[in-house]
There are 2 protein chains.
Amino acid sequence: MKVVKFGGTSVASGPQIEKLTNIVQEDAERRIIVVSAPGKRTKDDIKVTDMLIDLGEKCIKGQSTDDALAAVIERYQSIAKELALPSEAIEEVEQDLHARLGFYSKADNDDQFMDQMKAAGEDNNAKLIAAHFSNVGIDAVYMNPKVAGLLVEGEPGDASVIPEAYEQLKALRDEERVIVFPGFFGYTEEGILTTFPRGGSDITGAIVAAGVKASLYENFTDVDSVYVANPNVIENPEEIHHMTYREMRELSYAGFSVFHDVALIPAFQHDVPVSIKNTNNPSSEGTLITARRKEENTYFPVTGIAADKGFSIIYVRKYLMNREIGFGRRLLEMVEEEGLSYEHLPSGIDDTSVILRTSQFSIDSENRLITRIQNELGVDDCYIEHGFAMVMVVGEGMHETVGLASRATQAISGAGVNLEMINQGSSEVSLTFGVKEREADDALQALYKEFFAKVTQ
Amino acid sequence: MKVVKFGGTSVASGPQIEKLTNIVQEDAERRIIVVSAPGKRTKDDIKVTDMLIDLGEKCIKGQSTDDALAAVIERYQSIAKELALPSEAIEEVEQDLHARLGFYSKADNDDQFMDQMKAAGEDNNAKLIAAHFSNVGIDAVYMNPKVAGLLVEGEPGDASVIPEAYEQLKALRDEERVIVFPGFFGYTEEGILTTFPRGGSDITGAIVAAGVKASLYENFTDVDSVYVANPNVIENPEEIHHMTYREMRELSYAGFSVFHDVALIPAFQHDVPVSIKNTNNPSSEGTLITARRKEENTYFPVTGIAADKGFSIIYVRKYLMNREIGFGRRLLEMVEEEGLSYEHLPSGIDDTSVILRTSQFSIDSENRLITRIQNELGVDDCYIEHGFAMVMVVGEGMHETVGLASRATQAISGAGVNLEMINQGSSEVSLTFGVKEREADDALQALYKEFFAKVTQ
């Protein structure tokens, strides 16, 4: 059986839900459908989740909720109308929203209440879609995550699944009807609704797919596939038809944003393959993500290239540093004590650099860290530079390909871009280059030309 | 004024000492001459220091010292004879050696006694050379390190200079005669003779040069210069006529062995330039080492290339490692707790490697470390591989040279060598490649061809 997840734009309107319905009908293996809240129909549209946050905040502030509530209901009404659902469907949505607003006085805190409000987006959409399925002859049922046993722990907005959930969800295998499952939230063992962090519906899909041991977790979104490079930088880049988890992870890290890579952990851990498909073009091949490569990829030794900006470099120099046992450890301790996580640690003989994401720094933490390094490590020199980008070349097995690093460095240099950092040696899957931010696009284009454009000409 | 140090082969025999004498006479600035113990005259010869160690050990074991003592005396006798020194010179050596053997019963411990014995090599040689200088008309004086105030601290065989020494040594500037100073040892504030670790006479020279604020520290040895690559791997490599301390450090690290790089710290710290010259070919330009480059080296963007074998890689993989604050620090803590010092730390997203010198490992420490990493860091995979070499391309300013990394990787790949690791990004002076040990010579040859052979053709 397959678990199929549809993102916000795939469930934003009646016509979109009809496409989804066709997709479900096409394949009898598509047995569990995880749905998001209605997303944007046009560029300037508002997501239902954002409308619900507005509604909840008005309630907390003691302002009138009438208009905000009406706006949410109107949005569901429009979907119900487009799908020609009976009026009871909308009445149920209204009742649900009133009940959630009524929960405000019972909630332990505002965050708990807000989780209830936000989850209404997916929950009501799942009910409407289940009703639509039944209307068009699919034997379908809405499944509440509490009933299904999607158990989580953690603070509001930051739920994480607990192992018992997988055990409970296994029972969904025995359901003969098509299950429509709302994404984005689960319940604690105390019965408190708690939402997942960013990528919430993707997480629900991955957990459910893992729980029922699905043969495939299909993730329907609004792009045909994952591309070998960012389409905002490269015109019409090649599609990736098959990649491994490791490749996906490395590319996500460097700015690939089709989905939030951490969301897929449950699928990864339970060895469920993931497929990225386009709701608006379901016949397109999409991108299949598996734990291991099925065959050698000799045509493209590189699977994808990516670049991410916003990196800083802490440079530290001390004569005879490499003879000082514990120097690197003490440096990392100070970085850690400022709550910073580092990305790379290139080292010379008498110097070392710590590369981290700039967003983690405040002016205070930056000054504090530099002062500590200077005072406590007795260094000869220490400073921070900002404005770097990390460019990654990713491909399973590339580590064994003689000449690949050379082709990549040559391509970047050929574009007149100076290499501030090269990191190869640990990952078997990637090669990372540090360049100045303003040169990142040039580097990406040069690498694309080297590894993809040449091959396909 | 210049401080001039002569190594073991430069003071191994009368004829060698005559060369040294000519060198001193050629330049009135050569005012302080630091000398080693007599080294090997031929390949199978025995160094006087080794003979003295044998003599000292026999004394400690209560064995007869007659033959060993006679051998040392004979060696000095041969030098004295070659230099036509009066018989008193040798009588003084004999008395000195007897006095040192007599110190055995007074020494606090065997190590202290052995330091006395070992230091006899330099000390007596300095006396003979001072006598020879006087004979040939150089107004010269033997200078005892205790009298000069070469103050040290630390255990026998592991002396390190204390700051007061520089203050005391400054007075040597006022000596009008040429000073002959024995290398290899100093005295603690309690008056105990203590020898330096490896590179002892180089260290003495650097300390004295720093103390008297010499305009140049000339280090005479038996090669014409430092070469851009190891002459055992590259036939007739180019000479390096000028390099910076940083370049020297990085090249020494990767197996350049003209001298022990740490020995030069005092000169480095006091900004005294160092010159490497050949006693047997003093007109050769030699190699000048300064803190900064005097001019742009556009002809050779690379100053030298070196390779060192005997490296191991600890590979660690854990899903989502890079989100785990403190992971790197904890890993380094375990490495440190095994008393290991690491060289490089290349990292991917979900994996990291620790590169260290294999010689530090025992089978026990290797197993202990792997077990700890597996148990305490909850990693998905962890293993150690041996048999790697680090190949370094060194050149001041190369970090800013677009295309240099590309040329280097291309050259190595062109030789069919796979790059196991590339580390660039911290040092402004070097680029490090990890390759399999068996491919290290190929990599070095390819780099030589790329950066030197091409240019000079």
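Predicted model: local features only at pLDDT ≥ 70, side-chain atom pairs only at ≥ 80, totals over all residues.

Trainee: Okay, big picture. How does chain B lie relative to chain A?

Mentor: Chain B can be laid on chain A by a turn of 180° and a shift of 0.0 Å along the axis, with an RMSD of 0.1 Å. The two copies are thus related as by a two-fold rotation axis.

Trainee: And through which surface do the copies meet?

Mentor: Through the same surface, because 98% of the interface residues of chain B are also interface residues in chain A.

Trainee: Is B:Ser413 buried or exposed?

Mentor: B:Ser413 counts as buried, at 12% relative accessibility.

Trainee: What is B:Met421 in contact with?

Mentor: Setting aside neighbours within four places in sequence, its contacts include A:Gln424 and A:Gly425 from chain A. Among its contacts in chain B are B:His344, B:Pro346, B:Ile355, B:Met390 and B:Phe433.

Trainee: Let's switch to domains. How is chain A divided?

Mentor: Into domain 1, residues 2-222, and domain 2, residues 304-456. Taken over C-alpha atoms, 41 Å separate the centres of these two domains of chain A.

Trainee: Now helices. How do H1 and H5 of chain A cross?

Mentor: Helix H1 (residues 14-26) and helix H5 (residues 110-135) of chain A have axes that come within 11 Å and cross at roughly 60°. H1(A) and H5(A) are therefore oblique to each other. Their contact is made by A:Ile17, A:Glu18, A:Leu20, A:Thr21 and A:Val24 on the H1(A) side, with A:Asn125, A:Ile129, A:His132 and A:Phe133 on the H5(A) side. The crossing of H1(A) and H5(A) is right-handed.

Trainee: At what angle do H4(A) and H5(A) pack?

Mentor: Helix H4 of chain A, residues 87-102, packs on H5(A) at an angle of about 170°, with their axes 10 Å apart. That makes H4(A) roughly antiparallel to H5(A). Residues of H4(A) in this contact include A:Ala89, A:Val93, A:Leu97 and A:Leu101, while those of H5(A) include A:Phe113, A:Met117, A:Ala120 and A:Leu128.

Trainee: What about H11 and H12 over in chain B?

Mentor: The axes of H11(B), residues 327-337, and H12(B), residues 363-377, come within 10 Å and cross at roughly 150°. That makes H11(B) roughly antiparallel to H12(B). The crossing of H11(B) and H12(B) is right-handed. Among the residues that meet are B:Phe327, B:Leu331 and B:Met334 from H11(B), and B:Leu369, B:Ile373 and B:Leu377 from H12(B).

Trainee: How many residues of helix H9 of chain A are buried?

Mentor: Eight of the nine residues in H9(A), residues 245-253, are buried, so this helix is largely enclosed by the rest of the structure. The buried ones include A:Tyr245, A:Met248, A:Leu251 and A:Tyr253.

Trainee: Where are A:Phe184 and B:Lys213?

Mentor: A:Phe184 is in the loop between strands S6 (178-182) and S7 (185-187) of chain A. B:Lys213 is in the loop between helix H8 (200-211) and strand S9 (216-221) of chain B. A:Phe184 counts as buried, at 11% relative accessibility, whereas B:Lys213 is exposed, with a relative accessible area of 53%.

Trainee: Last one. Where is B:Thr49?

Mentor: B:Thr49 is in helix H2 of chain B, residues 48-61. At 16% relative accessibility, B:Thr49 counts as buried. Leaving aside neighbours within four places in sequence, B:Thr49 is in contact with B:Ala37 and B:Glu122.

Key
Residues numbered from 1 in each chain as written. Chains lettered and ligands numbered in written order. Heavy atoms only, no water. Least-squares fit on C-alpha atoms with pLDDT ≥ 70 in both. Contact = heavy atoms within 4.5 Å. Domains from an automatic or database assignment. Helix = DSSP H or I, 4+ residues; strand = E, 2+ residues; numbered from the N terminus. Buried < 20%, exposed > 50% of the residue type's maximum accessible area, 1.4 Å probe, protein only. Axes fitted to C-alpha atoms, helices over the stretch in contact; angles between N-to-C directions. Parallel < 35°, antiparallel > 145°, perpendicular 65-115°, else oblique. Left-handed = near helix turned anticlockwise from the far one by under 90°.
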